Amino acid sequence: MNVSRRKKVGNILSLSFGLLLLLTMVVIWDMQALAADSALKTTIQQWIDDNGMSNNILVEDTDSNTVTVTDIIGGSMGSLYLTTNLNLIIPDGVTVEWMMNGRGWTGSVTAVTIDAASGSNSVFLLSGKIGFVTSESDQIGIYNNSTNTTINVIEGANINTSDKGNGIYNNADGTVNVSGGTVIGATSIVNMSNGSINITGGFVVGKSSYAIYLENDSPVTISNNAFIFGRKLGGSNRILTISDDALIVTWSEDAAARSTYYLGDSTELTIEPNTATVTWDKVTDDNPNVYRSGISYTNGDNSGFFGVPMQRINDKPEEVTEEPTSEEPTSEDSTRENPTPEDSTNQGEPTEPVNPNNQNSPKTGDMTMPIIWFVVMV
C-alpha cells in the first residue's frame, strides 16, 4: 500500500472515530438529560401524591426539554390542604410548564420553590393557576432560589395568595417576566435580589401592602398594557421604568378607615403616568340594584374596570349655592358645606412581605386594607 493510500485510510479512520466519539457524547448527554427529567418528574409526582392529588394531576414530557404539569380531564381539584412544598431542581435548558388549575388551596406553605441547584437556562412557565383561599401567614405562590432560572407568567395564568402572603418571591438573581395573567398577594412581587422584573402585561396587585417590593437596586420595567395596583411601590433604591400604555395606581395608606368614595373622583389614588385617567366607579350586571365597586382606568389603549370590593361608591352630590342677600348675617346663621366622605385615619403600616428564610427584610405585620378578592373586567 503506497503512502497516499495509507494516508487516506488514516483520515477515514480518524473521521469515523471522531463521529463515533461525537455520537457517544450525544447519547450520554441525552441519557443524562433523560435521567434529570425523570428525577424532576419523580419529584413532582411525589408532591402530588403527598398532597392527595394523584387522581387529578398528570406529569408528562411533551418533548425532550419540557415537562408539563396538567389537570386530568374530568378531575376536580376541590378544596385541598397543602402539607408540603414542591421543591424543583430544573435541569439545564429544561422548562417546567405549570398548566394545572391549582385553586382552593389552604395551608401555611410555599406552593412551588425553584431550587438553587437548578441548571442554566432553566425556565418555570406558568400558564395555569396557583391559588389559596384562606388567610394564613407564609403563603407564597412561587419562591425562586435560583440565579439560573427565569420565571415566566403568561396570559391565562393566575397566582392568588392571601392578604398575608406573597405572589412571587425572588430570592436570587433570576429574572421574573409577567406578560399576562394575574399575580395577587399581600405583596404581589417581592424581589430580594438584583434580578430584573419585567412586566409587559397582565395585572400585578398588592392586596394589603406593596404592589412590588424591591430590596436592592434591581431594575423594574413596566410596559405595554400592564396594570399595577397596591398600597405603594416599596424599596428606596428602586429603578423603575414605565412606558407605552402601562399604568401604576397606588391607593393611599391612610385610606384604611374610609369605605365611601364619590363616583368620578380620584380621591386617595396616585397615578403613574399622571396623564392617565383613573376614577372611582361602579358597574352592575344583571341586577341593576347590585353593583361592584372599583376603579375605571384609561391610559391610551389600556382601559378597563378593576374591582375593589367593600367600598361604597356614591353619586357626587350637587353643589348648592345660595342667592346673595343684603342682610347682615346673624349668629344664628350657618354656612352650608357640601357633604364629604368621613375623614380617614391611619390604621398602621401596611403588611410587609413575607420572608420564609427570616432574612433581614420586611416581615408580616397588621393588615391595613380590607380587600379579600379583586375582580378584573377588561
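These legends walk through several close-up views of the structure above.

The model is predicted, so local features are described only at pLDDT of at least 70 and side-chain atom pairs only at pLDDT 80 or more, while totals for chains, interfaces and linings use all residues. Residues are numbered from 1 along each chain as its sequence is written, and side-chain values use heavy atoms, with hydrogens and water left out.

**View 1. The whole chain comes before the close-ups.** One helix and 31 strands make up the secondary structure of the chain. Helices (H or I, at least four residues) and strands (E, at least two) are DSSP runs numbered from the N terminus. Of the 378 residues, 45% count as buried; buried means under 20% relative accessible area, exposed over 50%, and partly exposed in between, with a 1.4 Å probe and protein chains only. Among contacts between residues at least 6 apart in sequence, 58% join residues at least 24 apart, where contact means heavy atoms within 4.5 Å.

**View 2. Seven strands form an open sheet.** Follow the order β4-β7-β10-β13-β16-β19-β22, with parallel pairing; two strands pair if DSSP finds at least two bridges between them. The edges are β4 (86-88) and β22 (232-234), which have a single partner strand each, so one side of each is left without a neighbour in the sheet. On average, neighbouring strands of this sheet are turned by 10 degrees against each other, direction ignored. For such angles, axes are lines fitted to C-alpha atoms (for helices over the stretch in contact), and angles run from 0 to 180 degrees between N-to-C directions.

**View 3. Strand β7 pairs with strand β10.** Residues 110-114 of β7 and residues 140-144 of β10 run in the parallel sense and share four bridges. Look for Thr 110, whose bridge partner in β10 is Ile 140.

**View 4. Thr 113 belongs to strand β7.** Thr 113 is buried, at 9% relative accessible area. Its side chain makes a polar contact of 2.9 Å with the side chain of Asn 85. A polar contact is a pair of N or O atoms within 3.5 Å; within protein, one must be able to donate a hydrogen and the other to accept it, and residues adjacent in sequence count only if both atoms are side-chain atoms. Leaving aside residues up to four places away in sequence, Thr 113 touches Asn 85, Leu 86, Asn 87, Leu 88 and Tyr 143.

**View 5. Phe 227 and Phe 306 are one of the aromatic pairs.** The structure holds 15 aromatic pairs. In this one the rings are tilted, 5.1 Å centre to centre with 40 degrees between the planes. Rings of Phe, Tyr and Trp (its six-membered ring) pair if their centres lie within 6.5 Å; planes under 30 degrees apart count as stacked, over 60 as edge-to-face and the rest as tilted. Phe 227 is in strand β21 (residues 227-230) and Phe 306 in strand β29 (residues 302-307), so the pair ties together parts 79 residues apart in sequence. Phe 227 is buried at 0% relative accessible area, and Phe 306 is buried at 0%.

**View 6. Trp 251 and Trp 280 meet edge-to-face.** Their ring centres are 5.6 Å apart and their planes at 65 degrees. Both residues belong to a cluster linked by ring pairs, together with Phe 203, Phe 227, Phe 229, Tyr 261, Tyr 297 and Phe 306. The charged end of Arg 231 sits over the ring of Trp 251, 5.1 Å from its centre; this label requires CZ of Arg or NZ of Lys within 6 Å of the ring centre and within 35 degrees of the ring normal.
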